[in-house]
Amino acid sequence: MTATEKRDNHDLTIITTHVNADFDAVASLLAAQKLYPDALVVFPGSQEKNLRNFFVNSMAYLFNMADMGDIDFSKVKRLVLVDTRQANRIGKLSALLERPDVEIHVYDHHPASPNDINGQKEIHRLTGANVTILTQIIADKGIPIAPDEATVMCLGIYEDTGSFTFASTTEADFLAAAFLLSKGANLNIISDLIARELSPEQVALLNDMIQAAVRHDINGIEVVLTTVTTEKYMPDFAFLVQKMVKMENLNAIFAIVRMEDKIYVIARSRIDEVDVGAAVALLGGGGHPYAAAAAIKGETLAQTENRLIEILYSKIKARRQARDLMSAPPITVAPEVSCKEASNLLTRYNINALLVTEELKGQEELCGYITRQVIEKALYHKLDHVPVREYMTTELASVGTEADLLEIQDKIIENKQRILPVLDNGHIAGVITRTDLLNVLVRKAQTEEEYSPDPLKEPIAARTQNIVKFMKERLPERLMNILTRIGVVADELGYGAYVVGGFVRDLFLYRTDEDLDIVIEGDGIAFAQRYSKLEGARIHTHAKFGTAVIIDPEGFKIDVASARLEYYKFPAALPIVEMSSIKLDLFRRDFTINTLAIQLNAERFGTLIDFFSARKDIKEKIIRVLHNLSFVEDPTRVFRAIRFEQRFGFTIGKLTVGLIENAVTMDFFRGLSGRRVFAELRQILEEENPVPAIIRLHDFDLLKVIHPSLTFDKNLITLLNSARKVLAWHDLLFLNESYMKWVVYFLILMKPSDESRSGVICSHFELAPRYQKIFCHERFQAEVCLEGLERNLPASNSALYEKLTGFRTEMILYMMAATKYEKVKKSISHYFTQLRHVSISLKGQDLKKMGLNPGPVFREILQATLNAKLDGRLKTREDEIEFARNYLRKA
């Protein structure tokens, strides 16, 4: 029967759907036509642009379509509705609903609402796509379908389930799609139609939507509202809304748009708390909990927005509050309770975290918290007697009893906090643990109490990001090639390869650092040997530590280490090294900012790995340790914390400051060898400006680690700043001479020490003999010389030269920094820049030609000639020879 014959039929069946039909609606029309083969398909309004092009240009032959104007409504005896049961969404066809002689059949997947059309036949199921319902019926009835028909129907499923990613997707949707694929559905066509490219007009409108977005906190749920206007009708607006959801990672959005003379509301939700179908239904629209739409006439944008906000406050259910989640009463300890007693409490109550509180003026005040992990490490290091005050975490967030789940989640996750106090008017009402939060988020009851994941045992989710483009922008091609080759060699051996530590940190700080630290998940030495052989490089290995140094043909150094786990037998001991994974290797590092890694294996080349929120701490410019006993295990980390703080302009975190103070109080430095302390001190003194770091050492009372008698006063600060200026002056001379900057600063620190005390300090630091000579012998010679210059400044260049010649560059700079007199400083600088390299061309051979025999007189004449040249009396070689002859005649 042709479409014309069907229109002339006195028992006419019409199949229709909602206005602004999407792919699912049109797919449902086609599927319904398979169930009602004599029916006519009628669109109630204008269909979407992509749909119109699709059907007009390719598959219009599949449908028995008719224009609404060509139909004699008096002959209609049956109305089949698909993907809707709302009268206000089927346009002029809603008039048929008032006729008692018209039979109504409904196939819909939207949740029921009070305004639903009641039909003689109703098929309703909650599926992701409406066409899924009709496909199941077709399959059950064994109705044959052609590949083109299967493609159209499958297209509807893919669009309405977001390619099976929307929360509304059900098992039935997958099964229906599988059935249609078995019937020849073409996924290439589906992919082309789903992946629509945006036109310039759509891009402009999407940008307007993003710019106009306003985030509302409605009963603890974040809902985004965006309101825009466009002069022309935009048929793909729903697609733009979905695009915005993905781009901005939104959980719930209501987009309000004025197009021509109508207002449209398109809503999407990815969370159970926001049922957009229920909300939009009150605007006269419809949909299901995860997608809904409405068309509104006779209102302004402001009116629609205000009405929608009122609806949202009434419809969105508040998430559970802190008072509903907390455990009460909280188990607490006083700050002076020992770690041993705290351990007993943890065991007695079968918990893994304790609040530390102190009673002040009759009220319990919150001081911090301490975890089982920290307590166990303290006991391992024989610190049973130490009060928990020393190792508790003091950077502690809290919430009120009415805090919603979003706030609770932010506080626990952002602060990496394992137990969250709940306060009621300053009183500790209870605690929420990380497990409590997990139970709510995954809707799964757990019987275990709060546990503290041990990063050495439990999986830690790493933040990852591909930064290849960023690396290419920041790194020279030569370095990128080296990193690539490292990954290739690691792949050949089946190892994981990562560049880690300061190199990655400095990449994000936009600082230059070409010192490559490579960590190998496997045998680092075997990797280094293989790489060196392929690249023609030299190699030095250290089997005890599983490390190697590769030196390529151009002299570039690569430090290689096997991924390792370090543990310490006692405070300040050297680490014991075991094989481990990259995660454990990073956990052993000193501070979070040094825990970034970039994978170099070809498949994941350029993947940034961040286990410990290092990027966040770099952004916030904070130095944090990874665990509370970090300085107990290695007190030298204190010096590094100060060095990094001053080098990068960062701030040491509050908790880390407290742990440094504890390490000083407990004197864990007494177990350090002097050599280790000096190695850290030397690195501080080699910084571009070590003065602030030295002041910071004093702030933490750490100068006594150098020697208890060392004093810190204004005079020392003045001398240090003077040294900094002198060194800056020297560096601006751009001399092609090396010198030890740190030596000058250390000479300043040693200045108050006499010869005996200086010897003790040098011995404690286990300094090499050549350094002991500088600090315990040459320094005092320089100070005697300086005293002489300050009492009686030489009048001639030759006399100045005689005083200063023989002193090394570091001593000259030390004297310039140490003097209080500007004239003396200028004289020393004059010697350094103008006099020290003055020489004469007169030689012993010249004196022999004058008839002199070698002997002491040679030195006397040569020195007299040099003095004359220093004083400006001689210019040429002839002048020198003539001066020597005259000198002999006078002798």
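User: Is Asp83 buried or exposed in this model?
Analyst: Buried. This is a predicted model, and Asp83 has a relative accessibility of 2% there. Since buried means under 20%, Asp83 falls in that class.

User: Where is Asp83 found?
Analyst: In a loop, the one between strand S3 (76–82) and strand S4 (103–108).

User: What about the phi of Asp83?
Analyst: Phi is positive there, about 65 degrees, although Asp83 is not a glycine. For context, most residues other than glycine have a negative phi.

User: How does Asp667 count for accessibility?
Analyst: As partly exposed, with a relative accessibility of 35%.

User: Switching to Glu880. Which helix is Glu880 found in?
Analyst: Helix H37, which covers residues 877–890.

User: Does Glu880 count as buried or exposed?
Analyst: Glu880 counts as buried, because its relative accessibility is 1%.

User: OK, which side chain does Glu880 join in a polar contact?
Analyst: That of Lys869, and the contact between the two side chains is 3.5 Å.

User: What else does Glu880 touch?
Analyst: Leaving out residues up to four places away in sequence, Glu880 touches Ile840, Ser841, Leu842, Thr865 and Leu874, along with Lys869.

User: Now the sheet. How many strands form the open sheet that has S18 and S21 in it?
Analyst: Eight, with mixed pairing, in the order S18-S27-S26-S19-S20-S23-S22-S21.

User: Which strands stand at the edges?
Analyst: Strand S18 (463–466) and strand S21 (538–542). Each has a single partner strand, so one side of each has no neighbour in the sheet.

User: How many degrees are neighbouring strands turned against each other?
Analyst: On average 25 degrees in this sheet, with direction ignored.

User: Zoom in on S22 and S23. How many bridges join them?
Analyst: Five. Strand S22 (residues 547–551) and strand S23 (residues 557–562) run antiparallel. As for a particular pair, Ala548 has Val560 in S23 as its bridge partner.

User: Last one: which strands does helix H18 lie across?
Analyst: Helix H18 (residues 477–493) lies across strand S19 (496–500), strand S20 (516–521) and S23. The helix runs at about 15 degrees to S20.

Key. Residues are numbered from 1 along each chain as its sequence is written. This is a predicted model: local features need pLDDT of at least 70, side-chain atom pairs count only at pLDDT 80 or more; totals for chains, interfaces and linings use all residues. Side-chain values use heavy atoms; hydrogens and water are left out. Helices (H or I, at least four residues) and strands (E, at least two) are DSSP runs, numbered from the N terminus. Buried means under 20% relative accessible area, exposed over 50%, partly exposed in between (1.4 Å probe, protein chains only). A polar contact is a pair of N or O atoms within 3.5 Å; within protein, one must be able to donate a hydrogen and the other to accept it, and residues adjacent in sequence count only if both atoms are side-chain atoms. Contact means heavy atoms within 4.5 Å. Two strands pair if DSSP finds at least two bridges between them. Axes are lines fitted to C-alpha atoms, for helices over the stretch in contact, and angles run from 0 to 180 degrees between N-to-C directions.
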